[in-house]
Amino acid sequence: MELNILWFWIIAAMFIGYFVLDGFDFGVGMSLPFLGKDDTDRRVLINTIGPVWDLNETWVIVAGASLFAAFPEWYATMFSGFYLALLLILLALIARGVSFEYRHQRPELKWKKSFDAMIVVGSAVPALLWGVAFGNVVRGVPLDADFNYIGSFFDLLNPYALLAGLTTMLLFFTHGVIFVSTKTEGDIRVRARSLAIKSGLVTIVVAASFLVWTTLAYGTLASGILAAVAAVTLIAGYLANLRGNERTAFGLMAVTIGFAVLTLFASLFPDVMPASNDVANSLTIENASSTPYTLQVMSWTALIAAPVIIGYQGWTYWVFRKRISRSHIEAAAH
């Protein structure tokens, strides 16, 4: 396999890691108004992701850096053309990160509620806009002969891309709520499982619509098979949650998100950003990639660094694997 093709799929794997891991972070953040009856409940929810949320975000940094190094033309076109959407994502992530650190710095309830609202918005905005961005990449955008985006921000808000955004937001929400049920005890665990059952039904309908649209309009045989697997695992995860198998449901949701991302990348291949106005202006794996030497250096670096990063992250999850309850929060307060 040529290195530029290999790196196309490595970047796909990085985005899978990011959407699976930061995806449930987003879901937990979005669940605060639904599961957080009082400040103690909200502290329980935040503490489920407290030790890992910033570690999960490193995946998008690595994915962005790899995209810049391996496919500079793709990076330049996407980040310049989608700059407003990506800026909104960045600002939302900053607001969310600040809120995790500052909400407990003062005892006033109004202070905490303000930062809780920032957590909700800072989780919902990226969950929606990442889907919108990738929906537009798959659909194609107008590019000139120099691979510059010649549309506007509102051109990105088309029905297909908005459905993609709604799909990612619902997938992340359900993924996060199921994660809460795997990490908590007592009433909040019961309510999280019940909420996941309700949101899961909506997610199945919306995600199935998006996968069918993707397969019919932009897909290939390979992407169609991947989409079918994503649909099956999504339904299996829903059924597992119905039976109370929370960890199985969480694992199947992770697999669903992984295969959904693979569906998008398989639909793209061998393009990296199709031009909707003239196919001759499309960015492909060939014309968007770096030199073979650059890709070779990157490959050796990834071979050495990836096991270390994955091992450290796995160790972190193992250390903080225990469930959290209201009694833990109340005991810590005293």
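Is Phe147 buried or exposed?

1. With a relative accessibility of 17%, Phe147 counts as buried, because the cut-off for that word is under 20% relative accessible area. Please keep in mind, here and in every point below, that this is a predicted model. Phe147 is placed in the loop between α7 and α8 (159–183), and its phi is positive, at about 70°, although the residue is not a glycine. Most residues other than glycine have a negative phi, and most peptide bonds are trans.

2. Pro270 itself is found in the loop between α11 (246–268) and β1 (271–273).

3. The UniProt record, in an unreviewed entry, gives the feature "transmembrane region" for several spans, including residues 115–137 and 157–180. In the model, residues 115–137 are 100% helix and 0% strand, and the C-alpha atoms at the two ends of this span lie 33 Å apart. Residues 157–180 are 92% helix and 0% strand, with end C-alpha atoms 32 Å apart.

4. The structure holds 34 aromatic pairs, and one of them joins Tyr18 and Trp130 in an edge-to-face arrangement, with 5.8 Å from centre to centre and 75° between the planes. This pair links distant parts of the chain, since Tyr18 belongs to helix α1 (residues 3–30) and Trp130 to helix α7 (residues 109–139), 112 residues apart. Tyr18 is buried, with a relative accessible area of 0%, and Trp130, at 9% relative accessibility, also counts as buried.

5. Trp130 also forms an aromatic pair with Phe134, and here the arrangement is tilted, with 6.4 Å between the centres and 45° between the planes. Because the two residues are 4 apart in helix α7, Trp130 and Phe134 are separated by about one helical turn. Both Trp130 and Phe134 are buried.

6. Which residue lies over the face of Trp318? It is Arg321, at 3.8 Å from the ring centre.

7. Side chains of opposite charge can pair when their charged atoms come close. A search of the whole structure finds 11 salt bridges, among them the one between Arg96 and Glu57, whose closest N and O atoms are 2.5 Å apart. The pair links distant parts of the chain, with Arg96 in helix α6 and Glu57 in helix α4 (residues 53–70), 39 residues apart, and both Arg96 and Glu57 are buried.

8. Glu246 and Arg323 form another salt bridge, with their closest N and O atoms 3.3 Å apart. Elsewhere, salt bridges that share partners join Asp39, Arg42, Arg103, Lys112 and Asp116 into one network.

9. The salt bridge between Glu108 and Arg106 has an N to O distance of 3.4 Å. Here Glu108 is partly exposed, at 35% relative accessibility, and Arg106 is partly exposed as well, at 40%.

10. Finally, a nonpolar patch on the surface is formed by Tyr83, Leu84, Leu87, Leu88, Leu90, Leu91, Ile94, Val98 and Tyr102, which together have about 810 Å² of accessible area. Leu87, one of these residues, is found in helix α6 (residues 83–102) and is partly exposed, with a relative accessible area of 41%.

Technical notes
Residues numbered from 1 in each chain as written. Predicted model: local features only at pLDDT ≥ 70, side-chain atom pairs only at ≥ 80, totals over all residues. Heavy atoms only, no water. Patch = residues over 30% accessible without salt bridge, like charges linked within 9 Å, V, L, I, M, F, W, Y side chains within 5 Å. Areas by Shrake-Rupley, 256 points an atom, 1.4 Å probe, with all protein chains shown as cover. Salt bridge = Lys/Arg side-chain N within 4 Å of Asp/Glu carboxyl O. Buried < 20%, exposed > 50% of the residue type's maximum accessible area, 1.4 Å probe, protein only. UniProt positions renumbered as here; feature names shortened; annotations may be inferred. Phe/Tyr/Trp six-rings, centres within 6.5 Å; stacked < 30°, edge-to-face > 60°. Lys NZ or Arg CZ within 6 Å of the ring centre and 35° of its normal.
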